[in-house]
Amino acid sequence: MSKNLFDKTSIGNMKLKNRIFMSPMGTTGEADGAYCNEGIDYFEERAKGGAGLIITGANVVSTKYEPRPCTELSDFHHVERLNMLIERCHCYGAKVCVQLSPGLGRQQFTDPFTPPYSAGSVSAFWFPDLICKPFSKEDIHYLVEKIGYSASLAVNAGADCVELHAYGGYLLDQFHSVQWNNRTDEYGGSLENRMRFTLECIESIKKNIPHGMPLLVKFTPHQRVEGFRTIDEGIEMAKILEKAGVDALHVDTGCYEEWFQAITTVYSQPGHKLDVQKAIKDVVHIPVLGDGKLTDPALAQQAVADGILDYVGLGHQMLADPYWPKKVKSGHTEDITPCVGCNECLLAGFSGKHYYCAVNPLCYAEKSYQLPKTDVHKKVLVIGGGPAGMEAAITARRRGFDVDLYEKDSRLGGTLWPAGGPDFKVDVIKLIKYLETQCYKTGVNIHLNTTVTADNIKGEYDKVILAAGASPVIPAIKGIEKTILASDYLTHKKSVGQNVVVIGAGLAGTEAACDIAPKAEKVTLVELCPDILYTAQHCLNNDQHLKKMVKERHVQVEANAKVVEIKDDSVIFERDGETFTIPCDTVLNAVGFKANNQLEDILEEKYDDVVVVGDAVAPRKILTAIHEGYHAIRVME
């Protein structure tokens, strides 16, 4: 009989209502490392959304060797908040797996002055000039004991399951890996020796949890970096872990050197880890859990039906929409808020903040940012049908307000259309379709092909949202009129030749160049700054992924280059006092955007409550557009 996403199953004595799990992602906590109320609310919402199993982010078992990155489970007093989290998830039929970690090792990112501990004397990832201090055998034994104790605390808290954090280039994986483990004692050398620390942790956990309580291990059988672990060694690791008596394997790929192999980006292919997950599933007899851009319900179902995965994990998609499982089960997939792979969530965490989700303003603020109930009838005018305008309009309708939305173009979406133009950014097109669907389903009164001007603004409104977006900047360069706007190329209004120069190597220019490259003979990015993506405020894995695409697609880069003239058949630029010429048949202008805020003063003369949102404030991100659109309506009294 074919397996289904919504089968009831068991791992050990843990019964699960479906095959969908929330992948582990770190969360912020209180000053003492315990879960905070916002974190508890956040997990409760994902349980409410229908996930069968929720795996927490890594709970470190000790701060003796490094500061905690997220939450901690090393002390009796941490049990209380973890128990609150688990009990609230249980109310909705979700089981909770507590992930335990001995640490980050060379990956810790908090201190550029103190060399971190690791398996061997290797460079720290974030601070390569720091050489790590190898753990002594006594240190390892201490952490083994602590991980067992933390497992007992998870049991006290009511956990259904425990997962050992042994993947992705973190501490245990540093011991597994020859590139980081240069030890000569019994914890280095052969694969069995390199896995000794992990096997001792497994034994320590098993001694501290009840018989039948499942123990999972998350590991990386293929690091997908040249010269690093390949699947052959990964298969041997899987066999060793199964022999050690673990109940299921959580299979991942990648490490920080190519972080996008582990944590999906907008540029990732759907199901990009399935080949590795299948290779492990084929050689073990225990359940395999896996994630990796399995957000398309059909793909998730296929992975289960084909026997590649026993359990399908959703990570950032669960931030974007905690109700993915319920919406899939009920057949309302058009209502799923799509994750767009921007990794703003990750960027926020690594900037010292809590989670933010670009497309879900309520992420990590599930109670604080709820829409207030009101019986007062209000009218809202929204000018602009991009992401900020659509989000404001949808939110206003959900509050019961009447909404008129005016859009100058023949379709909704605004600058999301060029942002989603490349074939590798279809996730952004999904966001347009989702927002458009919600506009129509909630009853927004939409006026397309209508430009609002000072002369035609009319009607009485309690609130006006100016979300007119942004327009391309036309720099003062001789011959600029010979260029094509990058946005016109990305929206398929203009085509390009075989030798293309793209002026501006921000996100739009770099993505346009990568989109053109497979179809052209030569593509060159010309950038005034010292490097491409120099001013892009995005996460490291997105940066790595796009830069790798530039390299793989053979896009040429001319940085520190000031364009001085554009001719019919060439671009002339200066660098360090020298003049250079690039022959070409097409030039794209991708130097940036400017805010369309011309109506602000006029609107404020006519209406009492006017708010400017999104790119009409300044050209920024999907996150700022969605959040500002939402909050402008949420705070209405």
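In what order do the 5 strands of the open sheet stand? In this predicted model, the order is β16-β15-β14-β17-β28, and the pairing is parallel.

Going from one strand to the next, the twist averages 15 degrees.

What holds neighbouring strands together? Strands of a sheet pair through backbone hydrogen bonds, in either a parallel or an antiparallel way. For an example, look at β17 (residues 463–466), which pairs with β28 in the parallel sense over 3 bridges. Within this pair, I465 stands opposite V611 of β28.

Two strands to look for here are β19 and β20. Strand β19 (residues 484–485) pairs with β26 in the parallel sense over 2 bridges, and I484 stands opposite L588 in β26. Strand β20 (residues 499–503) also pairs with β26 in the parallel sense, over 4 bridges; here V500 is found opposite T586 in β26.

Finally, consider the side chains. In a regular strand they alternate between the two faces of the sheet. Are the residues on the two faces of β26 buried or exposed? T586 and L588 lie on one side, V587 and N589 lie on the other, and all of them are buried. Both faces of β26 are therefore covered, with buried meaning under 20% relative accessible area.

Key: Residues are numbered from 1 along each chain as its sequence is written. This is a predicted model: local features need pLDDT of at least 70, side-chain atom pairs count only at pLDDT 80 or more; totals for chains, interfaces and linings use all residues. Side-chain values use heavy atoms; hydrogens and water are left out. Two strands pair if DSSP finds at least two bridges between them. Axes are lines fitted to C-alpha atoms, for helices over the stretch in contact, and angles run from 0 to 180 degrees between N-to-C directions. Buried means under 20% relative accessible area, exposed over 50%, partly exposed in between (1.4 Å probe, protein chains only).
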